[in-house]
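Have a look at the sequence and the structure first, then follow the questions.

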Amino acid sequence: MSKIKVKIPATTANMGPGFDTLGMALKLYNEIEVEETYTETEIYNDNVKSSDDYKDNLIYKSIINALDRFHYKYNGFKINVIKCDIPMSRGLGSSAACIVGGVSAANVIMGNRLTIEEIISIATDIEGHPDNVVPAVVGGMVVSINEDGMVNYSKISMPGQLKFAAMIPEFEVSTELSRKVLPEFYKKQDCIFNISRATMLVSSLYNEDFNSLRMCFDDKIHQPYRNKLINNLDSIFAKSKELGSVGEFISGSGSTLMAVLNKDEDNFVNKMGEFLNQLDDRWKIILLKPDMEGVKVM
Ligand code: HSE
């Protein structure tokens with residue numbers, strides 16, 4: 001059977017105030033090849049066979065999750081991860097990339113019977129929230145509403161000159177842990193704080209109004225509680241502001257921190273790189289542009 005090649009972008013979710021709602025695809029990619037076989041499933045990393053149990057593999061689990069919903073009969077798959085540039089457990093959508101890659105491959109295996117909306121619904125059901133999987137599927141910056149499993153989304157018009165400096169530490173933060181530290185209930189003022197900023201963020205991007213952008217990335221729903229999981233967050237955010245960013249936020253549930261830039265990106269990356277090098281943990285910084293296309297099946 002023929003090989004299905006899938007290229008999936010990284011994603012940054014929440015973008016400050018848009019907890020479980022806002023997300024954006026980035027030009028940083030994983031690529032997988034999936035082939036249906038008559039034997040048991042095998043996982044390869046760049047053509048080297050993995051000894052890990054395939055049943056724990058998220059790409060595999062996502063393929064069969066989608067196939068089972070349509071009672072598609074299968075024996076196994078050869079899954080080859082040919083490129084893995086999205087760092088794992090760093091808040092850049094590595095799980096969403098596995099899920100979207102797996103569901104997209106399953107769609108081809110079933111003769112392309114799924115609509116984009118169905119791919120998104122299945123992927124969101126597996127992931128539990130839509131803010132990474134939707135931009136991974138459709139590209140760009142996206143607002144998503146998950147209404148009882150039906151995901152509605154709308155792409156946001158993005159000023160072309162914005163770039164995103166991802167500051168990625170060596171330490172991981174698991175999404176499970178970073179969701180556990182969040183409270184069950186919020187004060188009314190905190191809800192108003194976030195609603196005003198999330199809506200102003202969308203409006204400012206649409207109007208290309210960078211003056212009010214900084215306050216739009218503030219958040220009281222998740223970042224204050226996750227601060228303690230990410231060493232040096234406050235000093236990195238302060239340095240980013242000093243170096244001229246238009247805002248910063250925790251990427252997804254962390255551990256990556258994101259600075260939003262509209263000028264002097266190279267200077268920012270050099271100076272911030274020097275600053276990060278002085279910290280106790282090892283950090284790397286990469287400059288990313290939004291990906292506007294989303295998943296590609298070849
Ligand atoms: N919205 C999710 C969270 C993204 O912040 O927990 C995690 O990938």
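Q: How many salt bridges does the rule find here?
A: This is a predicted model, and by the rule the count comes to 11 salt bridges.

Q: What makes the pair Arg69 and Asp125 a salt bridge?
A: Their side chains meet N to O at 2.7 Å. The rule asks for a side-chain nitrogen of Lys or Arg within 4 Å of a carboxyl oxygen of Asp or Glu, so an Arg and an Asp at that distance pass.

Q: Which parts of the chain does the pair of Arg69 and Asp125 link?
A: Distant ones: Arg69 sits in helix α1 (residues 58-69) and Asp125 in helix α3 (residues 116-127), 56 residues apart.

Q: Into which domains is the chain divided?
A: Domain 1 covers 4-156 + 293-297, and domain 2 covers 163-288. Their C-alpha centres lie 25 Å apart.

Q: How do you know that domain 1 and domain 2 are in contact?
A: Contact here means heavy atoms within 4.5 Å. The contact takes 23 residues from domain 1 and 35 residues from domain 2.

Q: What area do domain 1 and domain 2 bury between them?
A: About 2,000 Å², with 66% of it on carbon and sulfur atoms. On the domain 1 side, Pro17, Phe19 and Arg90 supply 32% of the area buried against domain 2, more than any other three residues.

Q: Why is the meeting of Arg90 and Glu172 called a salt bridge?
A: The side chains of Arg90 and Glu172 come together N to O at 3.5 Å. The cut-off is 4 Å, so this Arg and Glu pair qualifies too.

Q: How many salt bridges and polar contacts cross between the two domains?
A: The rule finds 2 salt bridges across the interface of domain 1 and domain 2. There are also 14 residue pairs in polar contact between them, counting pairs with both residues at pLDDT 80 or more.

Q: Which elements give two or more residues to the side of domain 1 that touches domain 2?
A: They are β1 (4-13) and β2 (22-37). The one that gives the most is β2, with 5 residues. By class, that side of domain 1 has 13 nonpolar, 7 polar and 3 charged residues.

Q: Which residues are around the ligand?
A: Among them are Asn14, Phe19, Asp20, Asp131, Arg179 and Ser253.

Q: What is the phi of Asp20, and where does Asp20 lie?
A: Asp20 has a positive phi of about 60° although it is not a glycine. Asp20 lies in the loop between β1 and β2.

Q: Which peptide bond is cis?
A: A cis peptide bond joins Gly254 and Ser255, with omega about 15°. Ser255 is in the loop between β9 (247-250) and β10 (257-261).

How values were computed: Residues are numbered from 1 along each chain as its sequence is written. This is a predicted model: local features need pLDDT of at least 70, side-chain atom pairs count only at pLDDT 80 or more; totals for chains, interfaces and linings use all residues. Side-chain values use heavy atoms; hydrogens and water are left out. Domain bounds come from an automatic or database domain assignment. Buried area is the accessible area (1.4 Å probe) that two parts lose on being put together, summed over both. A polar contact is a pair of N or O atoms within 3.5 Å; within protein, one must be able to donate a hydrogen and the other to accept it, and residues adjacent in sequence count only if both atoms are side-chain atoms. Helices (H or I, at least four residues) and strands (E, at least two) are DSSP runs, numbered from the N terminus. Ala, Val, Leu, Ile, Met, Phe, Trp, Tyr, Cys and Pro count as nonpolar, Asp, Glu, Lys and Arg as charged, and the others, Gly among them, as polar. A residue is near a molecule or strand if one of its heavy atoms lies within 4 Å of it.
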